[in-house]
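Thank you all for coming.

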Amino acid sequence: MQIYNTLTRRKEPLTPLVSGNVSMYVCGMTVYDYCHLGHARVMVAFDVISRYLRARGYNVTYVRNITDIDDKILARAADNGETIGALTERMIAAMHEDEARLGVLPPDQEPRATGHIDDIVAMIETLIAKGYAYAAANGDVYYRVREFAGYGKLNNRKLDDMRSGARVAVDDHKEDPLDFVLWKAAKADEAHWPSPWGKGRPGWHIECSAMSTCCLGKTFDIHGGGPDLTFPHHENEIAQSEAATGQTYVNTWMHAGAVRVDQEKMSKSLGNFFTIRDVLSEHDPEVVRYLLVASHYRSAINYSAESLVEARKSLTRLYTALEDVEVKADVANHLSDEYHKRFTAVMDDDFNTPEALSVMFELARELNRAKAEQSPRASALARALKRLGETLGLLDQSPRDFLHGGNASSQALDDAAIEAQIARRAEAKANKDFALADAIRDELAAQGIILKDSREGTRWVMQSPVA
């Protein structure tokens, strides 16, 4: 397997620290609000990665943290007039609901920052003892960036360039404007924990260093996150962790691509900011997941009404191939094995999901031919397609549920009503009333019901109408 390493800026063989085992940490959510599409991108990307590693036979320990103490959390709780605990528990529950609907499997461990305060304090004490950190007169503790020789290596930045281009708020307590906070002294009536430096709370960056090393050890295989975390968050994690332990922190750094909305950066100020639950209230969760999987995990994704329609069309092709095929357990043939090998080859190349889906569509076409020929190989091909889909977290519905289950815009018509309209259209065509036949087709299409004519008759599938 080859994985692109953000640190070295090239693909490298996956060589786990412990043969057959992969340790992976992914920066999770700061739980002050509902998760948005950018979060969904990271959730799904690393869900696919962990699923595939397991499918390849690795024992995976997947850790994804929760940041449950942070400036934004404090501010939001105060604005809402609720406790920090009430806010974070509510947002964590909502996050888990969103993940489940997107087919994202729970991580093996989900540490919370507030559960690792003692570990955070201990790491800060180690950094102070080694000269990498200092306690300021205001009760804060800062990291000495210039003491760490490798600072900037993840992002290929030089310290002097950072300083000349930095927009750093004036802080007379810092020795250097580039130094960053490890421990924040508590303000009046603010959530806090005891420490050698007084009451306070951890800085964001140190939380992940402490949680990841506590869960996975001083060095682990893979660290992942969103595209906005490479600097300063992950750069700071490296500096803190390697200074504290004296060992390489992470062997492979992975970062998912951004989400754009109608080719623009997603932003509340632009009015194109969507939470996961906003999107799932209007669209089939598997269609949304397909859209997120269809692009390579390192590529940017464009979210639009048109891209969702195309995602549904693609899923419809796969489910249509699976329709009316009995998928028997433990059946295989030479063709299905060949498709599995091709799927594995492209996924081994840095988890190339677009190419993996191409293999699945070729398999679907082969399955359609087998169905048309009423060949016994259809069952093995269908089973192979389902198994490959499962690796990507797709095709877990029954074909009938997906193709005929409807969506929010088409619940007004049940199966019997649709079939009645199809019969009415057939009668109109028989009477050469083509205007009426076309009108019935258009009426059904407006509700997301697409008719497909063939020599065997007319069948229908559900498809999101273009907004």
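Which helix gives the largest share of the lining of the largest cavity? Please keep in mind, as we look for the answer, that this is a predicted model. The helix in question is helix 1, from which 5 residues of that lining come. A search of the whole structure finds 1 cavity of 30 Å³ or more, and the volume of the largest cavity is about 70 Å³. Around it you will find R41, V44, A45, V48 and I49, together with L292, V293, S295, Y297, F351 and T353. Helix 9, which covers 285-293, joins helix 1 in supplying at least two residues each to this lining. Sorted by class, the lining of the largest cavity has 8 nonpolar residues, 2 polar ones and 1 charged one.

At least two residues each are supplied by helix 1, by helix 2 (71-80), by helix 6 (204-216) and by strand 11 (259-261). In terms of class, the lining of the largest pocket divides into 13 nonpolar, 11 polar and 9 charged residues.

Now for the cysteines. How many disulfides does a search of the whole structure find? The search finds 0. C27 is in no disulfide, and the nearest cysteine sulfur, which belongs to C208, lies 3.8 Å away, whereas a disulfide would need the two sulfur atoms within 2.5 Å. C27 counts as buried because its relative accessibility is 7%, under the 20% limit. C215 is likewise in no disulfide, with the sulfur of C214, the nearest one from a cysteine, 6.7 Å away.

Finally, a word on confidence. The protein chain averages a pLDDT of 91, and 93% of the residues score at least 70. Over residues 164-168, however, the pLDDT is below 50, and this stretch has 3 contacts in the model beyond near neighbours in sequence. The pLDDT is also below 50 over residues 406-412, a stretch that has 11 contacts beyond near neighbours in sequence. Where pLDDT is low, the predicted coordinates should not be read in detail.

How values were computed: Residues numbered from 1 in each chain as written. Predicted model: local features only at pLDDT ≥ 70, side-chain atom pairs only at ≥ 80, totals over all residues. Heavy atoms only, no water. Helix = DSSP H or I, 4+ residues; strand = E, 2+ residues; numbered from the N terminus. Nonpolar A, V, L, I, M, F, W, Y, C, P; charged D, E, K, R; others polar. Buried < 20%, exposed > 50% of the residue type's maximum accessible area, 1.4 Å probe, protein only. pLDDT = per-residue confidence, 0-100. Contact = heavy atoms within 4.5 Å. 1 Å grid on protein atoms, 1.4 Å probe; cavity = no way out; pocket = protein on both sides within 12 Å on 5 of 7 lines; lining within 4 Å. Points joined across faces, edges and corners; volume = space filled by probe spheres on them.
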